[in-house]
Amino acid sequence: MKVHFKNAEEVQSGIALLAPDLGISLVPPSDAELTVTVRGTEENGLTVSLCKNEATIAYGGGKARFFRALAILVQWKRDGVSEKKLTETPLFNSNGAMVDMSRNAVMKPSAVEFMLRKMALMGMNTYMLYTEDTYEVEGYPYFGYMRGRYSKDELRVLDAYALALGIEMIPCIQVLGHLATALRWMKTAAYRDDEKTLLVGAEETYRLIGSMMKTLAECFTTRRVHIGMDETKSVGKGNYFDKHGYRPPHELYLEHLSRVVEIVQAHGFSPMMWSDMFFRLSGHGISGFEDYDVRTVLSDEIVEMVPKGVQQVFWDYYHPEEAFYAVNIEKHRRFGDNTVFAGGVWMWSGHCPLLSYSRRMTLPALDACRKGGIKEVLATVWHNGSESQLILSLAGLAWYADYDYHGFYDEGSMKACFARATGASYDDFERTELPNYPHGGEYCMSRALTYNDPLQGLFDRHIDGLDTRTYYTDVYKKLEGLGEGFYAPAFETVRALTDLLIDKADFGVRLKRAYDQDDREALASMVKECDLIIEKTEKLRGAHREAWMTYNKPFGWEIHDIRYGGITNRFETVKYRVQAYLGGEIDRLEELEAERLRFDGDDSSVERDHNHFLWWGYSQISNTGIL
């Protein structure tokens with residue numbers, strides 16, 4: 001479609017970036033099939049009007065409003081609409097994503113740019129790069145060493161790219177905990193409390209943080225920074241304790257926070273932080289305490305010691321009850337009226353997203369944010385284990401984007417928003433979660449079944465009696481032909497995983513049954529089946545590697561080579577052990593004689609949360625689990 005824009009100077013660079021995604025070419029007036037007049041307004045929102053080959057887009061509150069309107073207009077023309085008008089007023093001032101670039105995978109700048117374009121076309125205006133140690137800090141060569149860290153030049157380019165699309169790119173870092181990959185080197189001993197926590201009170205710690213801020217100040221246009229500070233339950237219990245003895249954790253935490261805020265503000269930034277530790281420090285005596293426990297009464301002492309001007313980010317990904325979010329939003333008012341809410345698009349449970357589960361947690365949270373006056377929301381996209389392809393999280397971002405512009409969730413509107421922005425089918429994306437559910441539940445089983453050991457069967461009790469072969473054969477058919485263009489490697493990885501699980505998912509159950517029944521014919525057949533599973537594992541490794549190299553920097557892939565190598569080597573051992581048994585070289589297979597217990601240790605439950613069946617969960621059975 002040939003389009004001419006009038007009065008579009010403010011958005012011209014963004015239009016040029018998005019034109020290929022929209023399938024439009026920018027032409028002079030004489031060649032235009034559509035002429036679009038652009039008008040800025042004081043009102044926060046957008047109005048798009050079309051009359052034949054003339055259109056007007058009025059927008060206010062940032063360029064992302066314009067780009068959402070442009071996507072709507074282009075879709076109208078594709079659908080043959082000749083006359084229409086639409087006005088949308090966003091509910092939130094800031095709406096976007098925080099994407100994990102630290103849990104082993106660092107997205108290529110080109111992949112980040114791809115996500116930014118799609119988010120802009122949805123009308124989203126915020127993007128946080130979550131970087132624990134995956135950015136360059138001058139004077140600290142081991143900070144992010146061999147981790148694929150972003151250079152300063154890469155960060156500057158990404159920042160400029162985002163700004164052209166009307167998206168504020170906000171650095172999201174850590175200045176206390178979650179720094180295990182940075183602190184594993186001997187060079188970090190002077191500022192290490194324990195294996196993942198900085199040493200509070202050490203001047204070396206604050207020199208490091210000052211250098212972090214210097215990098216951010218040089219690379220980002222925004223003057224906002226997320227400093228993390230979450231889940232630091234061990235503060236003061238390691239080297240600090242050895243050096244200084246015991247001090248109450250809340251004192252150490254708040255003293256450190258005050259020092260950090262001084263450094264942050266000295267570099268011209270306004271800080272925000274995860275708020276969970278204030279609730280944990282206040283609720284430490286509550287039996288069975290969980291993050292943001294509704295029984296928590298915030299301590300006056302703690303609230304009063306929090307430095308002024310630190311914006312709080314309330315995160316939760318686990319609760320389907322609106323009341324949970326409403327109660328905690330109200331409690332956050334003690335820190336100010338500018339709380340940010342951060343929900344989650346679950347990409348951290350294995351190769352496949354948990355979209356249905358995520359949506360069930362997200363919608364009541366957004367309802368509570370609307371009613372509670374929250375003006376900034378984020379979808380966090382974590383990557384624990386780094387098996388998944390984060391590009392698939394775009395499906396979840398569509399919930400946030402379309403809710404924002406309507407003030408409620410409408411499935412049809414959301415799917416249209418997603419299709420306009422991505423050029424893909426939302427339903428196709430949602431199908432990528434299907435390998436998680438052979439049990440008919442909503443929790444992830446695919447990671448456990450991928451890594452479950454064929455001889456020791458730590459997960460066998462959880463699937464005994466399930467017809468996983470039929471289930472995964474059906475899922476494979478549903479995934480056939482899905483995923484085109486830039487999305488294709490992500491879909492192919494899920495298909496290859498599904499193909500593997502057709503045979504591998506219940507292999508251990510079948511192997512033990514054959515052994516217990518002394519069915520030597522079945523055992524011999526399963527020896528041959530090992531070769532097929534090894535072949536399919538290699539196919540999955542190849543598909544996953546192709547996806548990784550498409551979306552991520554190469555650093556970190558070595559972990560998956562080791563994991564897949566572990567699977568194939570274990571099946572080689574199955575062949576070796578079973579053949580020795582069948583050949584009379586040994587008279588028993590001790591691994592198969594061992595009783596199978598539930599991995600979660602709870603026989604009272606049919607279904608438990610298996611999201612925590614991580615690689616290191618089963619590797620720790622026989623070793624230190626350092627992988």
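User: What makes a residue buried or exposed here?
Analyst: Buried means under 20% relative accessible area, exposed means over 50%, and partly exposed lies in between, with a 1.4 Å probe and protein chains only. The model is predicted: local features need pLDDT of at least 70, side-chain atom pairs count only at pLDDT 80 or more, and totals for chains, interfaces and linings use all residues. Residues are numbered from 1 along each chain as its sequence is written, and side-chain values use heavy atoms, leaving out hydrogens and water.

User: Why is leucine 199 called buried?
Analyst: Its relative accessibility is 4%, and the limit for buried is under 20%, so leucine 199 counts as buried.

User: Which residues does leucine 199 touch, beyond those up to four places away in sequence?
Analyst: Contact means heavy atoms within 4.5 Å. Among the residues that leucine 199 touches are Tyr191, Asp193, Asn239 and Lys243. The C-alpha atoms of leucine 199 and glycine 236 are 7.6 Å apart, although 37 residues separate the two along the chain.

User: Why is methionine 146 called exposed?
Analyst: Methionine 146 has a relative accessible area of 52%; exposed means over 50%, so methionine 146 is exposed.

User: How do you know that strand 4 and strand 5 pair?
Analyst: Strands are DSSP runs of E with at least two residues, numbered from the N terminus. Two strands pair if DSSP finds at least two bridges between them. Strand 4 (residues 45-51) and strand 5 (residues 54-60) have seven bridges, in the antiparallel sense, so they meet the definition of pairing.

User: Which residue stands opposite valine 48 in strand 5?
Analyst: Isoleucine 57 does. In strand 6, the bridge partner of valine 48 is leucine 86.

Notes. Helix = DSSP H or I, 4+ residues; strand = E, 2+ residues; numbered from the N terminus.
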